[in-house]
Amino acid sequence: MSFSSHHSKRRRLTQSGHYSGSGSAGPSTSTAPPGSPNPAFYWSTEAAWTPADQADWEAALARLTASAGLPLRWIENPEWKKICDCFLSKAKNPSSKVLTDRIIPEVLNVLKASAQVECRGSEATLQCDGWTGENHHHLIGFMMTAQRKLHTIRVHDASNDPKTAEELLKQMLLAISSIETEWGATVVACTTDASGESAKARRLLRQKLPHLVVPDCLAHQVWLSSGHRYNFLC
């Protein structure tokens with residue numbers, strides 16, 4: 001499908017990440033100039049490229065980077081630059097530093113604000129799990145499920161923290177406070193992985209906040225059970 005088959009209006013990124021029609025001109029049906037690598041995908045440079053178009057372009061690049069799991073330096077790939085020069089010569093291609101320091105944080109802030117509005121007044125389940133990153137830092141991720149959607153609340157670097165239930169409880173209470181103050185949602189349940197300190201932290205949380213439901217994570221239990229059976233059979 002060629003660019004010329006798209007809707008004639010440029011499609012503007014909304015806060016939720018979807019596109020909506022706007023009044024500026026979009027892809028042109030002009031004939032590609034001689035020598036174009038692929039005339040079917042020619043984007044005319046006759047249409048004006050506005051600051052709003054550039055902002056949409058940068059936001060789309062940020063979303064593509066996250067969606068495809070691309071390295072941050074992909075934006076400076078020479079073949080990608082050739083594509084931009086050929087098909088979107090008026091678009092300014094940002095550097096990896098600009099993408100990392102400005103564009104991605106701006107897009108994240110817009111998406112977070114939209115998600116917070118959507119979750120306000122909802123009931124939510126807090127989930128947390130820990131892992132060791134490639135940089136050997138021990139990280140704990142806190143997530144929230146509300147309106148059947150999963151949102152990241154925070155990722156805490158616990159490398160220098162004591163590995164105790166009391167410390168995990170402190171971090172869980174901070175996450176709950178963030179959900180209820182920043183997101184406007186009400187936490188009704190909290191689940192963690194199946195480690196000993198996690199189980200104790202959930203028990204302490206239930207003592208502190210008796211209205212919460214604090215189930216164990218079924219996925220971790222199944223994983224551990226499968227692992228034990230595999231080791232037994234081997």
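Predicted model: local features only at pLDDT ≥ 70, side-chain atom pairs only at ≥ 80, totals over all residues.

Q: In what sense do S4 and S5 pair, and over how many bridges?

A: Strand S4, residues 138-146, pairs with S5 in the antiparallel sense, over eight bridges. Two bridge partners illustrate this: glycine 141 has valine 155 in S5 as its partner, and alanine 146 has lysine 149 in S5.

Q: What is the order of the strands in the open sheet?

A: The four strands of the open sheet follow the order S5-S4-S3-S6, and their pairing is mixed. Strand S5 (149-157) and strand S6 (186-191) are the edge strands, since each pairs on one side only. On average, neighbouring strands of this sheet are turned by 25° against each other, with direction ignored.

Q: How are side chains arranged along a regular strand?

A: In a regular strand, the side chains alternate between the two faces of the sheet.

Q: Which residues take a positive phi in the hairpins?

A: The hairpin of S3 and S4 has five residues between the strands, and histidine 136 takes a positive phi near 70° there. In the hairpin of S4 and S5, two residues lie between the strands, and glutamine 147 takes a positive phi near 55°.

Q: Let us turn to the aromatic residues. How many aromatic pairs does a search of the whole structure find?

A: The search finds two aromatic pairs. In one of them, tryptophan 57 and tryptophan 80 are stacked, at 6.1 Å centre to centre and with 10° between the planes. Tryptophan 57 belongs to helix H1 (residues 51-68) and tryptophan 80 to helix H2 (residues 78-87), so this pair ties together parts that are 23 residues apart in sequence.

Q: What is the geometry of the pair formed by tryptophan 74 and tryptophan 80?

A: That pair is tilted, with 5.0 Å centre to centre and 55° between the planes. Through ring pairs, Trp57, Trp74 and Trp80 are linked into a cluster.

Q: Are these tryptophans buried or exposed?

A: The test is a relative accessible area under 20% for a buried residue. Tryptophan 57 is buried because its relative accessible area is 14%. Tryptophan 80 counts as buried at 17% relative accessibility, and tryptophan 74 does so at 12%.

Q: Which residues of H2 are buried, and where do they lie around the axis?

A: The buried residues of H2 are Trp80, Cys84 and Phe87. These residues cover an arc of only 90° around the axis, so they lie on the same side of H2. What covers the buried residues of H2 includes H1. On the other side of H2, Pro78, Lys82 and Asp85 are exposed.

Technical notes
Residues numbered from 1 in each chain as written. Heavy atoms only, no water. Axes fitted to C-alpha atoms, helices over the stretch in contact; angles between N-to-C directions. Phe/Tyr/Trp six-rings, centres within 6.5 Å; stacked < 30°, edge-to-face > 60°. Buried < 20%, exposed > 50% of the residue type's maximum accessible area, 1.4 Å probe, protein only. Arc of directions from axis to C-beta. Contact = heavy atoms within 4.5 Å.
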